[in-house]
Amino acid sequence: MQKIEKALGIVLGALLGLMVLDVTWQILTRFLPMQPSSYTEEVARYLLVWIGLLGGAYAYRKQSHLGIDLLSNALHGQSRHLLQMFVVLVCLVFAAMVMVYGGAKLVLLTFELEQRSAALNLPMGYVYSVLPISGLLICIFAVDQLRQLLTTQVLERQATDVPAQDVQPNAIPHAQQIKEKAKPLNAAVEA
């Protein structure tokens, strides 16, 4: 999973670098005694679309999207886990239905209609293909996040099922026990 995340970060960096070069070239050709470039604005627009959608998938993986966490902060334990799983499932269904399914239909439709961009004469299906790609990435990341939530829930349940006579007076606090039990699982996931 981390390989996908790292590759996505590299692709986003490369696209951003290309966009900077493209816009720089646009500025140079506009203000130097040259013919202004006719395609740079269109390239910048399409690169921005790709960066925005792939960046959304990357932000979902890093859990850095804005969110209203008033309810989740008020909940604890089992109810908080259930809410987190519900939110991940909603994101998964949205990404699968709207972005992957709907995006794939849009890509196929634009290829069938042979829609092309104005300046580059590029088939628009290639531009729109980022929609199902980013949706698929969000689905993969959502399934992984759901798996992590379920694993954490199982570990917490196992930690609370320890009989009272097995608890030592100098026992590790509850949260530390969960972290210790999760270390081998996290190492397996990262591998």
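Is the crossing of α1 and α2 left-handed or right-handed? In this predicted model, the crossing is left-handed.

**View 1. Helices α1 and α2 pack against each other with their axes within 9 Å.** Helix α1 covers residues 2–31, and helix α2 covers residues 40–62. Their axes cross at roughly 155°. Angles over 145 degrees count as roughly antiparallel, so α1 is roughly antiparallel to α2. The residues of this contact comprise 18 nonpolar, four polar and five charged.

**View 2. The largest pocket has a volume of about 650 Å³.** Its lining consists of 17 residues. Nearest the centre of the pocket lie H65, L66, G67, V87 and Q145. By residue class, the lining of the largest pocket holds nine nonpolar residues, seven polar residues and one charged residue.

**View 3. Helices α2, α3 and α4 each give two or more residues to the lining of the largest pocket.** Helix α3 spans 70–74, and helix α4 spans 77–112. The most is given by α4, which supplies five residues of the lining.

**View 4. F111 and Y126 form an aromatic pair.** A search of the whole structure finds one such pair. The ring centres of F111 and Y126 are 5.1 Å apart, with 75° between the planes. Planes over 60 degrees apart count as edge-to-face, and the pair of F111 and Y126 is therefore edge-to-face. F111 belongs to helix α4, whereas Y126 belongs to helix α5, residues 124–128. The two residues are 15 residues apart, and the pair links distant parts of the chain.

Note on methods. Residues numbered from 1 in each chain as written. Predicted model: local features only at pLDDT ≥ 70, side-chain atom pairs only at ≥ 80, totals over all residues. Heavy atoms only, no water. Axes fitted to C-alpha atoms, helices over the stretch in contact; angles between N-to-C directions. Helix = DSSP H or I, 4+ residues; strand = E, 2+ residues; numbered from the N terminus. Parallel < 35°, antiparallel > 145°, perpendicular 65-115°, else oblique. Left-handed = near helix turned anticlockwise from the far one by under 90°. Nonpolar A, V, L, I, M, F, W, Y, C, P; charged D, E, K, R; others polar. 1 Å grid on protein atoms, 1.4 Å probe; cavity = no way out; pocket = protein on both sides within 12 Å on 5 of 7 lines; lining within 4 Å. Points joined across faces, edges and corners; volume = space filled by probe spheres on them. Phe/Tyr/Trp six-rings, centres within 6.5 Å; stacked < 30°, edge-to-face > 60°.
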